[in-house]
Amino acid sequence: MSQTKFEFFPNEILLDCFQYLNIIHIFQSFDQLNHHFDSLIRIIPFSLNFQNIQNKFQCDQFCRKLAIDKTIKNQLYSIHSSNKNTCYPAHLFISRFSLSEFPHLRSITLDRFTENNWKLIAPALSLLSELSSFQMIDCFELSDYIIPHLPISQLHTLMIPLISFPESISDNQFSSIIHLTIYNGNLDDLFILLSNASKLNYLKIESFFDVYENQTTNHDRCIKSSLNNLKTFHIDDFYNTLPCLFKFLEQMPNLENLIITACNDPLIINASKWQNFITSSLLHLKDFKFTFHIYNFPRDDIDEQSLKEFQNDFWCKQHHWHTEYAISTSSALIYTIPYLWDKFELLSAKKRYNNGLINHVNIFDNVKDLTLHHRALTEKTQYYFSNIDSLSLGNPHLLRDEKVGMNQSHIPYLQTMIDLSNIKHLRLFSTLRFETNDVLKEILKLTTKMTSLEGTLADLIRWFNDDELCKYFNQSIQKLNISYDSFENSDQLEQFCKIFENLCHLQFSSNESDTLFLIKHLPKLTYIEIHQCSESYAISWLKQEVKKLHLDITADFNDDDDFPHRLFIWIDRN
């Protein structure tokens, strides 16, 4: 059988193959291999993303080539710059390049940017004539700085954490936006945007807390300007009244796709009100996915008949919107199936009710992150989650001094509910207490892929006296997030470093001297995030001290007045 070498494939096939590779890996593998590949890889339009690349030297090497080669710069159409899951944090790239050096840049995604990062990148944004997509992820502290620097009038896609408009912004600047995602915003400000977003096709609001009745400034303007082109509206964490939601939805007469998560208004589970509104105001609605949850209500105040009405002919036969609901002593939950979201909380034993018309086996296949209270672990449990890789145990809504216990009898029920061998991250809430250490040991033995742990320092220190647990932590844990408190003395710090000597990522509360000690004595540590660090001078002091260790360190500081002080440190040990 004849064989064809990869380099002899037609350029069209090679370029198709390169689409599946990161540009950094392409240059690492093919640059200077021969003249053919040298030329070919320099004409590939590419997206630059440093996330999940483990080798800082490869990133540096590519950036050196990018800095001196205008041909490569001209091919860059998208940048994803991040301070998360990377060995090459945003500062290393944006301090080296101005975005104006990339004339064909069309898309920018900034993930977990700091204020210092933003100051470097902001001045060039208005100079990017081809920019059509701008997205910010997990950058809430920068909300007030974003809008004035963006070329809003040319953007088609916009994702920002919060809407906060300066008075100088004119309404018509938003007329080009087609795809908009925001975290949360003042409803009046939202009306300013929506009143002139005539091309808007997709709108997602992550959290909606405003009280509609208290908003007056731009209410009339919104009513007069319907979102006629909007086809998809997605709203998560809606904490408001049903009339408020209906008034908002009335501005979307051609809506086809509606996705909602809503809490704590008993009217939200009124099926007849929904049916009447849909038939009168949402005539083009094709797909409706929702989760409605009310809690802290007496069982007698929950209208179970209304929940049953979500399974009548209008919902099931006419629209094929199938649901199931669950009721406990103080809460009710109803959702369309299959369950759409990737997170689920199960804090008590609930009995599930469905109409039996469809297969209910794979309802929760989309759920990856499960929060579970031990009260939900009973022999009558009806839940199974097949794809969980992040598990939180305990109740996040209790106070720290409200302790709840988990014992050996809960573990068999836990095993019937999820496949513990798939768990990669385990979070133990401060309100959780194991009856004995053996309960935790049994769970850890079953979570064979788990390398990431989150819990309190007080719990960890209590487990330091258990040799079996310490051996597990030593061999398995690579990422650790410690909530609350700091080390009390040097003995605790030294013991911690011995137990977690294979730690790569650490988040905790600390001072500068303890941080330096950890850098010195955790030989595999490559990332630290410190909360409540004292002052910004800590960066300079730490850099000077780390240099004495002959380590390459990158650090950034978040000192926003409204957010906890945080110090981010990346360490290159290669």
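**Reading buried residues, ring pairs and a cavity**

Me: F93 comes out at 2% relative accessibility, so does it count as buried or exposed?
Reply: Buried means under 20% relative accessible area, exposed means over 50%, and partly exposed lies in between, using a 1.4 Å probe on protein chains only. F93, at 2%, is therefore buried, and F97, at 5%, counts as buried too.

Me: What should I know about the model itself?
Reply: It is a predicted model, in which local features need pLDDT of at least 70 and side-chain atom pairs count only at pLDDT 80 or more, while totals for chains, interfaces and linings use all residues. Residues are numbered from 1 along each chain as its sequence is written, and side-chain values use heavy atoms, with hydrogens and water left out.

Me: How many aromatic pairs are there?
Reply: Rings of Phe, Tyr and Trp (its six-membered ring) pair if their centres lie within 6.5 Å; planes under 30 degrees apart are stacked, over 60 edge-to-face, and the rest tilted. The count here is 48. One of them is F93 with F97, a tilted pair with 4.8 Å between centres and 35 degrees between planes. Y335 and Y339 make an edge-to-face pair, 5.5 Å centre to centre with planes at 90 degrees; Y335 and Y339 are both buried. Ring pairs also join F246, W274, F277, F288, F290, F292, F310, F314, W315 and W321 into a cluster.

Me: Which residues line the largest cavity?
Reply: On a 1 Å grid over the protein atoms alone, a cavity is a set of points where a 1.4 Å probe fits but cannot get out, and lining residues have an atom within 4 Å of a point. Points are joined across faces, edges and corners, and volume is the space filled by probe spheres set on them. The search finds 3 cavities of 30 Å³ or more, and the largest has about 50 Å³. Its lining is L428, L453, E454, G455, T456, D459, L460, W463 and L480. The largest share, 4 residues, comes from β20; strands (E, at least two residues) and helices (H or I, at least four) are DSSP runs numbered from the N terminus.

Me: What is L469 in contact with, beyond its neighbours within four places in sequence?
Reply: Contact means heavy atoms within 4.5 Å. L469 touches N437, L440, K441, L444 and W463 in this way. L469 lies in helix α18 (residues 467–476) and, at 1% relative accessibility, is buried. L440 is 29 residues from L469 in sequence, yet their C-alpha atoms are 8.5 Å apart.

How values were computed
On a 1 Å grid over the protein atoms alone, a cavity is a set of points where a 1.4 Å probe fits but cannot get out, and a pocket is an open set with protein on both sides within 12 Å along at least five of seven lines; lining residues have an atom within 4 Å of a point.
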